[in-house]
Amino acid sequence: MTEKMKIPFGTISITERSKNIIYEVLATKRVSNGKYVRELEKRFAALIGAKEAIAVSSGTDADILALSVLHDYGAKRGDEVIIPALSFVATGNAVLHAGFTPSFVDIDRNTLNIDPKKIEEAITEKTVAIMPVHLMGKPADMDAITAIAKKYDLYVIEDAAEAHGALYKGKEAGTLGDLGAFSLYLAHIITTIEGGIIVTNNAEFAEVLRSIRSHGRACKCEQCVLNVNSGYCTKRFSNANGEDIRFIFERIGYSSKMNELEAAVGLGNMDEYHTILEKRRENLLYLMNQFRQFEPYLATIEEEPHERIGPHAFPIIIQEGVKFNRNQLVNCLEQQGIDTRNLFSSMPTQCPGFGFLGYQYGEFPNAEYIGKNGIHIGVHQDLGKEECNYVIKEIESFLSKYS
Ligand SMILES: Cc1ncc(COP(=O)(O)O)c(C=O)c1O
């Protein structure tokens with residue numbers, strides 16, 4: 001009998017440099033959004049080849065703020081944003097929080113991403129943007145999405161939360177649309193524990209983002225961009241009544257700044273980014289290869305020649321017609337020490353919070369199928385061949401009971 005192992009879903013690397021920065025910022029008490037957040041932004045932008053990066057407090061906020069930029073460009077509350085029916089629920093929540101209505105499109109079950117063939121039928125006069133999600137680090141079909149966006153004059157905002165390190169035709173996911181939103185939460189390849197970051201090549205969008213992450217303030221001086229309440233700003237403004245005031249808020253904003261402690265963790269992660277990425281890619285590709293033997297029972301995603309999948313996690317989908325269900329597989333894996341997560345749900349029809357939008361179960365069969373039959377497991381940097389082989393062996397042993 002094989003010895004039982006522990007295969008956690010995620011991990012975190014906290015480097016010596018991170019610890020040193022944390023000690024320094026605590027000692028100097030310069031803990032809110034400051035020079036380390038700026039360093040993180042510059043390095044993240046350079047790493048993925050974007051002109052601008054704006055750090056915020058979560059990946060959900062990254063989605064919300066990226067969408068909220070559109071209010072500066074004529075979008076109205078109640079306008080529609082097209083998103084895949086299947087994603088982590090934050091994608092749908094973000095559209096609503098930004099003041100828009102989500103318009104859901106079913107996914108392609110092979111890619112887990114929005115089915116571009118179904119996008120055009122969801123476009124109405126109110127549609128302002130398409131927000132594809134690169135689920136499990138597999139890039140969405142960006143050529144098809146960009147062509148539709150051009151045809152109907154729509155913005156493309158990528159939810160790249162899970163797509164660190166993903167390439168589409170040689171370009172980094174997150175840089176293919178007008179704006180790209182990443183999560184820096186614990187589960188992701190670059191993490192600040194909690195956090196998010198938005199990338200764009202449009203300097204005007206970046207300026208709007210720096211304003212809305214700080215309550216919508218107008219002043220563009222360095223102190224205000226970093227922290228609206230720093231008290232260092234000496235600028236004065238005249239408001240519409242001719243009154244002399246200190247801070248002026250020119251758009252509806254959020255309080256969504258990152259702090260220096262979070263940036264410190266992220267900077268350490270970035271020092272190790274290439275090693276982490278390589279290790280996770282090795283695990284992902286090894287599992288993908290090994291999984292071919294389970295094809296009649298279990299499926300996963302494939303890496304196509306035009307792309308590099310960002311090694312976020314390893315999705316497993318139970319095939320139709322098998323003699324076991326997801327609970328049985330999950331219970332067996334968990335009993336053997338292998339952490340699992342569900343592969344999300346069809347937001348409009350499997351998440352009660354979206355019930356008020358009036359969709360009916362059955363409208364998104366592919367998303368719903370994954371919602372019932374999908375799980376994902378970790379491929380993180382603390383795992384290696386031995387752990388991957390253990391996972392494969394445990395699945396083999398589970399399946400032997402049902403073949
Ligand atoms: C696709 C997707 N979008 C958005 C988010 C939200 O990120 P966060 O948890 O950092 O708010 C996540 C979370 O990982 C996600 O998977």
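Biologist: Is strand β2 (residues 80-84) largely enclosed or open, and how many of its residues are buried?
Modeller: Bear in mind that this is a predicted model. In a regular strand, side chains alternate between the two faces of the sheet. In β2, Glu80, Ile82 and Pro84 are buried on one side, and Val81 and Ile83 are buried on the other. The strand is therefore largely enclosed by the rest of the structure, with the number of buried residues being five of five.

Biologist: Happy with that! Which residue in β4 stands opposite Ile83?
Modeller: Strand β4 covers residues 101-105 and runs parallel to β2, with five bridges joining the two. Opposite Ile83, the residue in β4 is Phe104.

Biologist: And which residue of β5 stands opposite Ile82?
Modeller: β2 is also joined to strand β5 (residues 127-130), by three bridges and in parallel. The residue of β5 that stands opposite Ile82 is Ile130.

Biologist: Now to the ligand: which element gives the most residues to the shell around it?
Modeller: The ligand is surrounded by 16 residues, and the closest are Gly59, Thr60, Phe88, Ala161 and Ser183. Two or more residues of this shell come from each of α3 (59-68) and α4 (90-97). With three residues, the element that gives the most is α3.

Notes. Residues numbered from 1 in each chain as written. Predicted model: local features only at pLDDT ≥ 70, side-chain atom pairs only at ≥ 80, totals over all residues. Near = placed C-beta within 6 Å. Helix = DSSP H or I, 4+ residues; strand = E, 2+ residues; numbered from the N terminus. Buried ≥ 20, exposed ≤ 12 C-beta atoms within 10 Å, placed from the backbone. Pairing = 2+ DSSP bridges.
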